[in-house]
Amino acid sequence: MKIIPLHNFLYHNLKQEHCISIIGGGGKTTLLYTLGKIFSKQHKTILTTTTHMMKPTHIPIPQLCLEEDIEIVKQINNLLYIALPFQGQKLKGPCESFLAQSLSYCEYMFIEADGAKCLDIKFERNDEPAVPSFCDCVIQVVGIRALGKTLKECLHRYELATQAFHWKEDDILDEEKLITLIKHNFSHTSCKRKIVIINQIDTQYDLSYIKKLKKLTAFEIWFCSLHNNILISTI
């Protein structure tokens, strides 16, 4: 295993995708803004949501579009964040038809298409995640810190997961349960390319999970620390 810079890896491995949706938990919003920072250096890039997000405080006002105005979208230079007012500092996603129209005026669109109440992993309901039909790729983010915790502690919608898989709320999330949840969540999307990002790989202790998780799934799976801008390469 070796450690490589994450930003370069993300750019070179995602630059062929026009529209990417991000689902799951454990760093989903951080990934959205990271991708915006990386791709907007050279390309017209849109960040948005199909659910709800807090209003970003680090994006300059000229780069915020808080209405469905295609004329604003047409004038995009590098980065544009599109959402609509909802409640207080919370925003909601524009309609899918407006996002589809906006896609014509950018080179990349990154969408937060899920909510996890700040938990590290999620169980998707039948009507989730909110991935648009025109999306090319979906990335599911999982926080590795969920492993070893009870389902009630780390899993959003754990009540539904216990019903679906006959688990108990005080069961411990192990590698097998983690992969079961990842497969379930991906079954709700039809995108051709599906990527798992295992985030929060910050210590030598965390590295012990990598080989086992890689063996348990056939999905494209990346191990990283978004906070530290590193990717753990298993090649």
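Figure 1. The peptide bond that runs from E128 to P129 is cis, and its omega is near -10°. Residues are numbered from 1 along each chain as its sequence is written, and side-chain values use heavy atoms, with hydrogens and water left out. Because the model is predicted, local features need pLDDT of at least 70 and side-chain atom pairs count only at pLDDT 80 or more, whereas totals for chains, interfaces and linings use all residues.

Figure 2. E68 has its place in the loop between β5 (64-65) and α3 (70-74), and from P129 it is separated by 61 residues in sequence and by 22 Å in space, C-alpha to C-alpha. With a relative accessible area of 38%, E68 is partly exposed, a class that lies between buried (under 20% relative accessible area) and exposed (over 50%), as computed with a 1.4 Å probe on protein chains only. When its neighbours within four places in sequence are left aside, E68 is in contact (heavy atoms within 4.5 Å) with L84, P94, C95 and F98. For C95, the backbone nitrogen lies 2.8 Å from a polar atom of the E68 side chain.

Figure 3. K117 lies in the loop between β9 (108-112) and β10, and C118 is found in the loop between β9 and β10. Phi is near 55° in K117, a positive value in a residue other than glycine, and phi of C118, likewise positive in a residue other than glycine, is near 70°. K117 is exposed at 64% relative accessibility, and C118 is exposed with a relative accessible area of 83%.

**Figure 4. The aromatic pair of F9 and W222.** Rings of Phe, Tyr and Trp (its six-membered ring) pair if their centres lie within 6.5 Å, and planes under 30 degrees apart count as stacked, over 60 as edge-to-face and the rest as tilted; by this rule there are nine aromatic pairs. In one of them, the ring centres of F9 and W222 are 4.8 Å apart and the planes stand at 85°, so the pair is edge-to-face. This pair links distant parts of the chain, since F9 belongs to helix α1 (residues 6-14) and W222 to strand β14 (residues 220-225), 213 residues apart. F9 is buried at a relative accessible area of 17%, and W222 is buried at 7% relative accessibility. Ring pairs also link Y11, F39, Y108 and F110 into a cluster.

Figure 5. The 12 residues of helix α7 (residues 175-186) should span 16 Å at 1.5 Å a residue, and the end C-alpha atoms are 17 Å apart, which agrees; the expected span is 1.5 Å times one less than the number of residues. Helix α7 is mostly covered, as nine of its 12 residues are buried, among them K177, L181 and F186. D174 caps the N-terminal end of α7, with a side-chain oxygen 3.3 Å from the backbone nitrogen of E176.

Notes
Helix = DSSP H or I, 4+ residues; strand = E, 2+ residues; numbered from the N terminus. Polar contact = N/O pair within 3.5 Å; in protein donor to acceptor, adjacent residues only side chain to side chain.
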